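Please read them with the structure open.

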Amino acid sequence: MPTLTPYLLTFPGGLHLGAQGINLEEAAAHIPSDTLFAALVDAWRRAGGDVDALTAPFVGDHADPPFLLSSAFPFCGEVRFYPMPVDLTRLVSAQTVRKRGKEIKGVRYLSEGLLRRALEGEPLDAHLFPREGDAEAGAGLCLQGGALWLSAEEAPLLAAGFRRAEGRRHALRSLPVWASERTPRVTVDRISASSTIYHAGRVRFAEGCGLWFGVAWRRPDDLLASGGPTFRVAYARALRVLQEDGLGGERSAGYGAFTWREGATVTLPDPLSDQPAWLLSRYHPRADELPETLAGEGAAYALTMIGGWVHSPDGGDQRRRRLLLVGEGSLIRAASAPAGDVVDVRPRYRHAAGDLPHPVYRYGLALAIQSPAARSGKEGAHV
């Protein structure tokens with residue numbers, strides 16, 4: 001069974017992660033696993049570590065990574081949230097999807113309590129939250145306008161500001177765990193000294209809320225190939241550097257710096273041989289995993305195209321090659337673990353003189369858990 005060590009991050013100054021290419025006004029409210037891995041590798045380099053020794057077990061045809069990463073998802077108080085499955089009939093009946101589909105498809109994350117109920121085979125139909133403006137009873141609650149779904153018994157575990165609204169379901173629904181805002185910034189032309197206003201997006205979290213991600217340690221006490229520290233020590237050192245320097249963009253304006261704490265380990269069931277695996281990370285299939293991993297029975301997935309820029313100490317900023325990844329919450333038929341690979345996306349030019357002298361890795365190894373069996377009748381079930 002995968003055992004996750006949760007790391008809970010709080011961002012006093014907010015967070016900027018681009019959601020729409022180079023549009024600074026857009027900001028995402030979660031951190032994908034490929035972004036986390038790249039940030040940790042860069043932090044290790046800035047700490048003076050050997051990047052090749054750190055990344056060697058993760059790359060190549062016979063990769064055997066010492067740990068796997070999930071993406072970072074919201075938490076509120078002591079309630080952690082996980083990505084919704086692409087196939088909603090893994091949680092509720094097809095009849096409920098037809099009846100409440102618009103609201104269910106608006107849910108982006110479900111709580112750990114609901115996750116465990118689903119993994120034990122319990123349908124979550126009875127745990128749906130009431131419709132907006134409807135007093136109809138239901139055992140479930142929601143936050144963030146319906147984006148976060150949790151059970152009523154988890155309400156006392158929410159952050160203090162949310163517990164005050166515990167008995168008022170519709171008030172609780174409207175409380176934001178995070179809020180997106182646009183911050184005005186000014187750039188000054190170096191020649192004319194004229195100023196131009198632009199806006200940068202920022203996500204701010206309510207007190208006691210933030211993002212969490214899980215590390216599934218496989219061989220934490222292995223030494224780096226260079227004879228350096230263990231992977232656990234190297235990871236901790238990189239995380240300490242990263243918390244000061246920050247995650248995401250606009251770090252010079254104070255965005256992205258965080259404090260963190262380690263939570264109690266969480267054990268979740270391994271994928272079953274007759275059921276697809278439920279992704280908690282992004283995933284890039286190896287050539288030998290296709291088409292079965294995405295075309296097998298029960299597979300349901302969403303794809304995301306990633307691009308962005310390379311910030312290298314060995315050259316100017318350059319666009320990295322674009323990569324198509326399978327998104328969190330997808331259901332895949334992976335025959336082996338760990339599935340996926342880590343891809344070098346450094347830009348390539350016709351003339352080698354422009355090439356970067358080092359790889360630029362994007363993490364695509366799957367961290368997956370068991371998925372519940374689908375409920376009867378699957379029409380209209382996928383988003």
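1. Start with the charged network. This is a predicted model, and in it D34, R282, E328 and R362 are linked in a network of salt bridges. The whole model has 20 salt bridges.

2. Take the pair D34 and R362. Their closest N and O atoms are 2.7 Å apart, and they form a salt bridge. D34 sits in helix α1 (residues 33–46) and R362 in strand β20 (residues 361–365), so this contact ties together parts that lie 328 residues apart in sequence. Is D34 buried or exposed? D34 is buried, and its relative accessible area is 1%. R362 is buried too, at 7%.

3. Now the pair R282 and E328. Their side chains meet in a salt bridge with an N to O distance of 4.0 Å. Both ends lie in loops: R282 between β13 (277–279) and α8 (292–295), E328 between β17 (323–326) and β18 (331–332). The two residues are 46 apart, and the pair links distant parts of the chain. R282 has a relative accessible area of 11%, which means it is buried, the limit being under 20%. E328, at 17%, is buried as well.

4. A further salt bridge joins D344 and R346. The closest N and O atoms are 2.8 Å apart. Both of these residues are buried.

5. Next, the sheet that contains β13. It is an open sheet of three strands, in the order β18-β13-β21, with antiparallel pairing. Which strands stand at the edges? They are β18 and β21 (368–370). Each has a single partner strand, so one side of each is left without a neighbour in the sheet. Two bridges join β13 to β18. In one of the pairings, W278 has L331 in β18 as its bridge partner.

6. Strand β6 (residues 140–143) and strand β7 (residues 148–151) pair in the antiparallel sense over four bridges. C142 has W149 in β7 as its bridge partner. Four residues lie between the strands, and in this hairpin Q144 takes a positive phi near 55°.

7. Stay with β6 for its side chains. In a regular strand they alternate between the two faces of the sheet. Here G140 and C142 point one way, and L141 and L143 point the other way. All four are buried.

8. Check the geometry of helix α3 (residues 94–105). How far apart are its end C-alpha atoms? They are only 13 Å apart, although the helix has 12 residues. A straight helix would reach 16 Å at 1.5 Å a residue, and α3 falls short of that. The buried residues of α3 are A94, T96, V97, R100, G101 and I104. As background, an α-helix has 3.6 residues a turn, so residues three or four places apart point the same way.

9. Last, the second largest pocket. Its volume is about 470 Å³. Of the 24 residues that line this pocket, D270, P271, S336, A337 and A368 are the closest to its centre. What is the make-up of the lining, by nonpolar, polar and charged residues? The lining has 17 nonpolar residues, four polar and three charged.

Methods: Residues are numbered from 1 along each chain as its sequence is written. This is a predicted model: local features need pLDDT of at least 70, side-chain atom pairs count only at pLDDT 80 or more; totals for chains, interfaces and linings use all residues. Side-chain values use heavy atoms; hydrogens and water are left out. The expected span of a helix is 1.5 Å times one less than its number of residues. Buried means under 20% relative accessible area, exposed over 50%, partly exposed in between (1.4 Å probe, protein chains only). Two strands pair if DSSP finds at least two bridges between them. On a 1 Å grid over the protein atoms alone, a cavity is a set of points where a 1.4 Å probe fits but cannot get out, and a pocket is an open set with protein on both sides within 12 Å along at least five of seven lines; lining residues have an atom within 4 Å of a point. Grid points are joined across faces, edges and corners, and a volume is the space filled by probe spheres set on the points. Ala, Val, Leu, Ile, Met, Phe, Trp, Tyr, Cys and Pro count as nonpolar, Asp, Glu, Lys and Arg as charged, and the others, Gly among them, as polar.
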